[in-house]
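Morning, everyone. Let me put the model up, and then I'll walk through a few spots in it.

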Amino acid sequence: MKPPFYRRVWFSALVALVLLAGVTLLGIYAVIVAPLREKAETYDLDEVKKLEAASIIYDRNGDELSRIFVLNRTPVSIKDIPQHFIDALTSQEDSRFFSHNGVDYIGLVRAVYLNFRAGEVTQGASTITQQLARQTFGLMERSYKRKLMEAFVAQRIEKQFSKSEILELYLNRIFFGKNFYGIQAASLGYFGKDAKDLTLWEAATLAGLIKSPNNIEPIKHPERAKKERDYVLERMVIEKHLTREEAEFAKMKPVLTAPQTTNAQLNYAYDAVRQEVAARLGEEQASSGGFKIYTSIDKEMQKKAEDSVKARLAEIEKRQGYEHQTYEQFRTIYKDWRTQMTASKGDVTSSVPRPKPEYLQAAALVIDNSDGSVLAMVGGRDFVDSQYNRAMDSLRPVGTAFIPFIYAYGFNQANIFPMSQLLDDALGNDRVMIGGFKGILGEYGMEVPNPKWSRQNISLREALVNSNNSVTVRLGEQVMLDRGLLRPGFKDFIKATGIQSPLRDAASTILGASEAKLDELCLAYSCFANGGKRPGALHMIQRITDANDKTVFQLDEATLQPVRGMDEISAWQAHTCLDEALHRGTGAISKEYGLGDFPAGGKTGTHHEYKDLWFMGYTSAVTCGVWVGFDKQKTIFDQAFSNKLALPIWTDIVNASTKGHTAQDFNPPESAEKVEICRASGLRATDFCYDKIKAADGTSKNVRNTYFEYLRNGTPFNATCSVHTGTGITQDITAFHNHMSGISETVIPADISKYAHLDSVHIQDTIVIGLDPYNSEQPILRARPVNDDGSPIRRAVPVGPEDGGEPVSEQPVIKLQPPPRLKIEL
């Protein structure tokens with residue numbers, strides 16, 4: 001007879017195995033599970049109800065600017081969420097949500113089985129409650145311990161909150177992609193409507209996003225979004241929330257997005273602040289909200305910039321013959337579309353998409369030259385229509401606003417300086433190949449309808465002041481090109497100024513065919529205002545404190561330190577040219593726009609075919625840049641020069657900047673040599689560099705026609721003026737010069753009337769101090785009779801008939817004794 005089964009070896013082995021498994025499980029529970037369950041009890045479930053609180057933005061003076069949510073979230077009640085969205089959500093994420101206690105054990109076993117069959121993790125088993133626990137307490141670690149902790153916390157949540165409350169908390173917290181947090185933000189962000197108005201197919205689209213928002217979001221990936229939406233609709237059929245016919249009808253609908261901003265308080269500046277907070281603190285910490293954000297924004301300047309952009313562009317649109325969509329026309333189109341959307345409850349076909357603004361846009365940016373803080377920012381004309389920030393994100397061809405950097409780079413060389421001359425004559429377009437290979441190079445940079453070539457050499461100063469393209473191309477070929485490609489040294493120079501966007505490695509870069517961003521150009525232009533230095537980086541936020549006034553971010557001192565962008569003498573020489581460019585060159589029309597009387601410099605920037613217009617300029621305190629153009633690059637209108645479109649906006653903003661940021665005089669570098677230059681010849685001035693200027697009353701005056709340059713020590717520039725040589729100068733000056741130089745002893749009568757407007761110069765002291773190798777005659781100092789108030793006592797002088805006196809029979813004669821001749825021994 002066989003022994004009973006309980007005496008058999010296999011039964012004993014089975015019992016031993018069961019006991020061993022039991023002991024193992026008890027050990028695991030005691031060592032791992034019990035501590036995790038105990039720790040789960042420590043979490044404060046009140047945090048589940050805490051969503052982000054509004055954060056307050058302050059300006060540079062501590063005044064409140066706005067209240068925003070750092071994360072784009074607008075909480076709504078579960079009553080405002082349509083039932084078909086809840087059905088779609090539970091079908092996709094948690095089909096047994098209304099029956100489990102926080103953990104779906106059936107779903108867990110199913111997921112383990114499917115993952116085992118697939119040989120990889122293909123199925124998740126987290127319930128909606130578990131996801132809420134994970135999002136609330138940051139349980140993001142990919143491990144079995146985290147899953148256990150998540151399950152224990154979920155079970156606690158289920159005990160404390162109702163199913164409706166859990167759904168509401170979950171849908172207001174969950175991330176839907178593109179910085180949309182919560183169902184309301186996602187509904188507005190993707191479909192331009194409140195969550196309560198979502199259609200069935202839109203609800204299924206949003207439910208399908210949750211598992212991988214960034215990879216499925218419908219604006220960038222409509223095909224992926226449709227695939228996931230259709231899967232959700234199939235799940236709704238399986239869960240008996242839809243009939244087959246309803247699902248098939250919904251699948252026929254296209255994925256049609258109609259994005260709209262979710263916060264009317266936001267503008268481009270505040271949105272940039274919000275993004276910077278999230279970037280500096282991290283989205284997890286930023287999601288708590290309740291911050292006090294201290295920014296560098298100047299409230300008055302910000303308002304002036306926004307108002308000027310809107311007003312000046314509206315003036316352009318009123319121009320006779322303007323052929324593009326206007327802002328007002330778009331408002332009408334958008335209003336009609338919204339009316340149609342409301343009437344159809346969003347049930348529109350793909351042929352009626354949300355209209356996109358195609359009107360003229362502009363961007364403006366103002367920075368503090370000392371530390372790079374942003375004082376004002378306008379990223380576009382209307383933030384509600386388009387959230388694309390053109391001041392910080394848009395790459396556009398710079399046009400002739402780029403050429404000051406070519407001149408500054410050239411001025412680094414010892415033999416190139418503002419008085420250097422190049423030929424001003426027509427060039428073939430094959431030299432730069434902008435807009436074609438043939439034809440004559442356009443002179444659009446000169447900002448005049450019919451530019452002329454002088455067909456002679458002109459100075460680099462005059463070329464930069466008047467934005468002369470032909471001279472600029474000749475200079476660029478000389479200093480920045482090597483066999484048609486950019487020199488590495490020039491690329492490094494441009495990066496040092498702050499322009500990090502890559503340059504086109506071609507001759508067309510000379511006239512600004514390369515793209516750059518407005519914030520990069522502002523950094524680079526600040527070099528001209530700061531003696532070659534610039535801020536290390538731009539910033540808007542200086543300090544952030546949390547709800548308890550604890551500082552969570554403080555701008556460090558290293559960020560505020562300037563960096564060297566270019567040589568100080570090159571920067572000064574370029575600045576003096578840009579000063580003249582603003583006041584007598586291509587920007588001289590700024591006076592008509594009301595530019596104040598303060599030291600400033602600036603440069604127009606017009607790109608080929610008048611598609612991108614810039615004005616970049618600065619005072620000692622701020623640098624301001626303005627761009628005007630269309631999002632889809634096209635000609636604004638023929639001869640749309642930047643000094644007519646961008647310069648007026650710049651003038652308005654810079655005038656406003658001087659109220660709180662005083663414009664001081666610019667100081668030349670101490671290491672430079674000061675040289676007086678004749679404007680007529682461009683050479684070193686002499687005593688004869690005077691020109692006759694006819695006054696309003698018809699009289700002529702001799703005015704000194706010179707200015708001062710600051711040159712690098714050792715600059716080979718010694719030639720003196722060849723235009724004013726003394727020929728034709730009145731006889732008395734010639735006689736004086738001849739007597740002083742010992743050339744002639746002839747005494748020539750003076751023509752006093754020609755110099756009646758000049759005050760006499762009386763030598764008050766010795767004219768030579770120290771050793772006098774020429775043994776010159778010194779003035780004899782005598783006491784002069786004065787009145788009690790210190791004024792000299794006037795003496796009687798002879799008068800002529802024109803003064804009411806008797807005729808003078810003889811002209812006065814200047815008689816000077818020639819100095820003794822010098823004996824030079826060789």
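A residue counts as buried under 20% relative accessible area, as exposed over 50%, and as partly exposed in between. Keep in mind that this is a predicted model.

Start with Met-392. It sits in the loop between β7 (374-378) and β8 (396-397). Its relative accessible area is 21%, so Met-392 is partly exposed. What does Met-392 touch, leaving out residues up to four places away in sequence? Leu-365, Met-377, Lys-517 and Asp-519. Met-392 and Ala-272 are 120 residues apart in sequence, yet their C-alpha atoms are 8.9 Å apart in space.

Next, Asp-612. This one is in strand β19, residues 612-618. Buried or exposed? Asp-612 is buried, because its relative accessible area is 0%. Its side chain makes a polar contact of 2.5 Å with the side chain of Gln-633. Beyond four places in sequence, Asp-612 touches Gln-633 and others, including Arg-396, His-607 and Trp-627.

Last, a helix pair. α16 covers residues 403-410, and α20 covers 518-529. They pack at about 40°, with axes 11 Å apart. Angles of 65 to 115 degrees would count as roughly perpendicular and those under 35 as roughly parallel, so α16 and α20 are oblique to each other. The crossing of α16 past α20 is left-handed. Which residues meet there? From α16, Pro-404, Phe-405 and Ala-408; from α20, Leu-521, Ala-524, Tyr-525 and Phe-528. By class, that contact has seven nonpolar residues, no polar ones and no charged ones.

That's my tour. Over to you.

Notes:
Residues are numbered from 1 along each chain as its sequence is written. This is a predicted model: local features need pLDDT of at least 70, side-chain atom pairs count only at pLDDT 80 or more; totals for chains, interfaces and linings use all residues. Side-chain values use heavy atoms; hydrogens and water are left out. Axes are lines fitted to C-alpha atoms, for helices over the stretch in contact, and angles run from 0 to 180 degrees between N-to-C directions. Helices (H or I, at least four residues) and strands (E, at least two) are DSSP runs, numbered from the N terminus. Angles under 35 degrees count as roughly parallel, over 145 as roughly antiparallel, 65 to 115 as roughly perpendicular and the rest as oblique. A crossing is left-handed if the near helix is turned anticlockwise from the far one by less than a right angle, and right-handed if clockwise. Contact means heavy atoms within 4.5 Å. Ala, Val, Leu, Ile, Met, Phe, Trp, Tyr, Cys and Pro count as nonpolar, Asp, Glu, Lys and Arg as charged, and the others, Gly among them, as polar. Buried means under 20% relative accessible area, exposed over 50%, partly exposed in between (1.4 Å probe, protein chains only). A polar contact is a pair of N or O atoms within 3.5 Å; within protein, one must be able to donate a hydrogen and the other to accept it, and residues adjacent in sequence count only if both atoms are side-chain atoms.
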